[in-house]
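Please study the sequence and the model before reading each solution.

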Amino acid sequence: MEPQGSKEAEAFVNAFLKRSMPRLKDEAIQDKLTRKAVVLEHCPRRRKKEKRKKAKGFSAKQRREMRLFEIKPEQQKYELFLPLHELWKQYIRDLCNGLRPDAQPQMIQAKLLKADLHGAIVTVTKSKCPSYVGITGIILQEMKHIFKIITKEDKLKVIPKLNNVFSLEVDGFISHIYGSKFQLRASERSAKKFKAKGTIDL
């Protein structure tokens, strides 16, 4: 190994600086070396920030054309969705801290209004259309204005929320849902504040 102050090293540094800074004279280069401050004439190019493109989802029209929400006839079996109902009951028990007998009905009702109802068994108890009364089934899809339910007879029913009253039962607790005041998507209901009202007309 040669010492750092050797002539070869000094010659290499001088030659390198002359190539890097051709405009400077030898005296100026020596001055920079004695002060130990060397700035090479090289400005790195600034990289342009690439704009990230947001992934666009399907529009409502595209979803309808692709039939994403359609349930095939061979899948319209009541028994297929009983495990979903069991999961929903466990979800409600966890949401309402076990549904104990001493639980306040108002508290349970408030949580059910904001809960996800996919998998719940509901019954139409009142309706302006008599043919809807008595229909019972598991909710497969909830949209803004309708429930899609599968009955024990393996029939898929589309029930409008408007002008219908639904009841659902969990561990002996029966709750009534007034569909006319329930015309929201499941995601919107979780953030909505429901006001208690004495009587609600269909």
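**Exercise 1.** Determine how many residues of strand β3 are buried.

Solution. Strand β3 spans residues 146-150, and four of its five residues are buried. Here buried means under 20% relative accessible area, exposed means over 50%, and partly exposed lies in between (1.4 Å probe, protein chains only). Strands (E, at least two residues) are DSSP runs, numbered from the N terminus.

The model is predicted: local features need pLDDT of at least 70, side-chain atom pairs count only at pLDDT 80 or more, and totals for chains, interfaces and linings use all residues. Residues are numbered from 1 along each chain as its sequence is written, and side-chain values use heavy atoms, with hydrogens and water left out.

**Exercise 2.** Identify the strands that pair with β3.

Solution. Two strands pair if DSSP finds at least two bridges between them.

1. Strand β2 (residues 136-142) pairs with β3 in the antiparallel sense over four bridges. A hairpin of three residues joins β2 to β3, and isoleucine 138 stands opposite isoleucine 150 in β3.
2. Strand β4 (residues 156-160) pairs with β3 in the antiparallel sense over five bridges. Isoleucine 149 has lysine 157 in β4 as its bridge partner.
3. The hairpin of β3 and β4 has five residues between the strands, and aspartate 154 there takes a positive phi near 60°.
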